Each structure stands twice: as structure tokens, then as C-alpha cells.
Amino acid sequence: MAGVLTEKIKDLKQQFRLSASQIIDIATKFESEMVAGLASHGSLKMLRTFMQKPGGKETGTFITIDFGGTNIRLQLVNLLGKGRYEIIRQQSFLLKHPYGAYDYTSQEAAAEDLFDFIAVQIGELAEQGQTYPLGLTFSFPCRQLEANRAVLISWTKEFKTSGVEGQEITGLLEKALAKRGLSQVIPAAIINDTTGTLLAASYGNPHADIGSICGTGHNTCYLEPMEPATRVPMMINMESGNFNKFPLTTYDQALDRASEKPGEQLLEKAVSGRYIGEVARLILQDMTQARLLFQANPPGFVANINSITAGDLAQILADDTQDLTRISHLLKTNGNILILTTEELKALKTIASLVATRSARLVAATYIGILRHIDPGLTQQHVIGVDGSLFEKMPGYRTMVQEVLQEIYQDKADRISLVLTKDGSGVGAAIAAATCAGRR
Ligand code: GLC
């Protein structure tokens, strides 16, 4: 039995590990897809943002909305210039009630319900008689018409709200604000969270030219030195979660088939927090069915879709005890599994590690693809601003991304800094609103 389990783990390692030469191959394909995307074909949408690097002089008070997952965050942000800011007030609310009382992300909810709900919350933040420029971070693929007008191309991250795809988002929000008598709140900019992260990173650091999210979703934005239509530097939201030129395992294929939009967002489905727990669950299900794990009593959760989260993987990876007692405890409390052999516990940790490591290495390969495009000889300094729960909380994640850069660029790798950029969706949106308010 132990032998068969060892064989299976070996096979999984083969499927999930990415060698340095595979990384280079993926980076090369990523770069070609960037070039193709700028010419409007391929897997990368390469969306224009109308944003350039901030000068650092942007100041003022702004309301910002961070709309990118089921948790929406509103902030009142005061920009002080040169990278300094303060968050005066903030509040969060859920679009999906934990016990099912409402769900504004479901197909049954209409655009109007969703934006009315958001406007009510804005009403609680805005003071009467005061005018607020608003920066909206809307973290889904949008075709940008101008800095404060953007049309949702299609939902991602399993959102399904009806009547939003194909609509101009700021207009929907303005309508809801007007209904509640909130016309003193004026949408000045709509941006993606990756753009927000890049704006926030470059507010205080002139070397920042890549902004990325490694959280519930995954995507990256960069400063294109020459945007083809305008022929000026412009931040481009790549929607890189849709990249698909990398090796897929049978587990990725199964996950994709069961997803809301099969065939789309394949990179995101292999790397992001919304999905990697499910990749691990599919592996466990396969191993349970082959009677390699949980033989005595297969636990119910193994058969239940989405029963393992990225947070669970983080807890498994954080267990540094010799006997993996924390993993045993987790399984006892959450899965009611009382007895596991040391081999089985080790196998669980290896699975979590393979899935998380592949995520970090794939993400790093895309960063290398971008760097090759903007600076082929890596002669400049680059700051990559990254936000998101995976980057921040998955044990070892950031180090693993860094290691790939080291493997590929060797002693030049110190020209690239990975910087955790918190609050990109809030502060970045405020910077965008400040830049646009200034342009008018
Ligand atoms: C999804 C969205 C993208 C966003 C990312 C991170 O990939 O399509 O717009 O940036 O999630 O939130």
C-alpha cells in the first residue's frame, strides 16, 4: 500500500512540478500572447486603462469602492502626496449573505438590485452637503471607453448577476446613486484592481511598472511603453487569468468542465485562491477512489465540490510539526477523520505544497514574460506591486515567486523587487480619481 501511495505521489510531482526550462517556455509563450493581444487576438485581452504613472502630486479626499469579490469595501481616502495617504473611514459588506438571506452575485439578482444595494452603503459613508469624487475599482474584464466609463465584457470568478454583462458600469452606479439622492458622489474613474495596485505601487516609487493580484482571482497589469492605438505609455490590464498556454493536468480539466465558464480563465483556475483548494480536492477524490487514502472511512467532504479552500491549504502548509499534528487536528475538527497514518498526513501536505508551488511558479513565469517584453536585457530596476491573500498569507508563496526570478535571472534578479502593495484597490482608485478629476 505504502508503495502504491509513493508511486502516486511521484506521478503527481511529475504533473505539477515546473522545471526552469518549462518556466522559460511558458514565459516565452506569455510574451507572444502579450504581443498578439496588443494586436487584438490571442488569450490575453490587453485592455486599455487610460492610466499613466502618477506623478506623486495627487492629493484630496475621495470615496473608493473595491468591488472584486463577494466582500465589497468602501473607503474614504485622503491622498497626501508622494506616496502618503490616510484611510479616514472604511466599511465592508457582503454581496452574498453567509446563511443565504440574499445573494447579489447569483443569476436571480438583477443589475439594479446589485447597484441599489451598493448605493445604500455609499449613503452611509458620504456626508450631506459634501461633494466626493469617487474611484471605483471594478475587478472584472472591462472594455474601457474613457477613464470613468467601462463596459463589463464578461463576469469572472463565478459571478452571475443578470443584466450587467455588456453594460457600462459607472452608468449603472450613477443611476442607483441618483435614486438615493446621492448626486454629490461623482464617479471620476473606474479601474481594475491590478491597475489600482500598480497605481498605488508607483505613487511612491518610480520603478513600479507591474501590478498584480494573487488572491481570490489572478491578473496582472503593466506599463506598456507604447500603447499601439495612442502611441503613448499606458497601463494595460492584461486579464492574464485567461492565459492558456501552459500544461494542464487532468484535475485542471475536470475543474474547468465543472466551472461556470469552461475553457475560460484557465491560468486563474490553476493559480488563484478561488480554485486551488478545489484542485487539491480533486486530487484527494481521485486518490480516495483509488483507495490510496482514507481507506477505513472516506470522509464526506472529499466528494463535495469546493469543500477545500485555499485557506485550508495554507493551514496544511503551515504545519511544521514532526508528526503533522496540526493537520491531524484540522481533519479531526473539520472532516471528522480520526485516524490517518503518517504517510497519509505527509501525502496531504505534499498535495497542498504541489498545488501552491505550481501556482507561485506559473505566476512568476508570467512576470518573466512581461519583463522580457518591456526590458529584454533586464537593464533597469523593476518593482512588481502584488496584493492578494495568496501572496500575503500562503506560507512560502512570495519566496517561491522570488526563487523563480532568481533561477532564471540569477545575479540580475536583484533588479526586480516584489513588493506587497496593500490597499491598491482603495488608494489606487483614489489616485485614479485624482488624476481624472485633474484632467477635467
Ligand atoms: C479576475 C478578473 C480580473 C481581476 C482578477 C483579480 O481575473 O477577471 O479583472 O483583476 O480577477 O481580482
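Let's start with disulfides. A disulfide is a covalent bond between the sulfur atoms of two cysteines. The rule here asks for a pair of cysteine sulfur atoms within 2.5 Å. By that rule, the count is zero. Take C214, which is in no disulfide. Its nearest cysteine sulfur belongs to C221, 14 Å away. Now C221. The closest cysteine sulfur to that of C221 sits in C142, at 13 Å, too far for a bond.

Are C214 and C221 buried or exposed? Buried means under 20% relative accessible area, exposed means over 50%, and partly exposed is in between, with a 1.4 Å probe and protein chains only. C214 has a relative accessible area of 2%, so C214 is buried. C221 is at 0%, so C221 is buried too.

A word on the source. This is a predicted model, where local features need pLDDT of at least 70, side-chain atom pairs count only at pLDDT 80 or more, and totals for chains, interfaces and linings use all residues. Residues are numbered from 1 along each chain as its sequence is written, and side-chain values use heavy atoms, leaving out hydrogens and water.

Next, two helices. Helices are DSSP runs of H or I, at least four residues, numbered from the N terminus. Helix α6 covers residues 250–257, and helix α8 covers residues 276–289. They pack at an angle of about 115°, with axes 9 Å apart. The axes are lines fitted to C-alpha atoms over the stretch in contact, and angles run from 0 to 180 degrees between N-to-C directions. So α6 is roughly perpendicular to α8, a label that covers 65 to 115 degrees.

Which residues meet there? From α6, we have Y251, D252, A254 and L255. From α8, we have E278, V279, L282, I283 and D286. Contact means heavy atoms within 4.5 Å. Six of the contact residues are nonpolar, none is polar and three are charged. Here Ala, Val, Leu, Ile, Met, Phe, Trp, Tyr, Cys and Pro count as nonpolar, Asp, Glu, Lys and Arg as charged, and the others, Gly among them, as polar.

G196 lies in helix α5, residues 193–204. G196 is buried, at 0% relative accessibility. Leaving aside residues up to four places away in sequence, G196 touches I191, G424 and G428. F138 is 58 residues from G196 along the chain, yet their C-alpha atoms are 9.8 Å apart.

Last, Q121, in helix α3, residues 111–125. Q121 is buried at 12%. With residues up to four places away in sequence again left out, Q121 touches L74, Q91 and F93.

Terms used
Angles under 35 degrees count as roughly parallel, over 145 as roughly antiparallel, 65 to 115 as roughly perpendicular and the rest as oblique.
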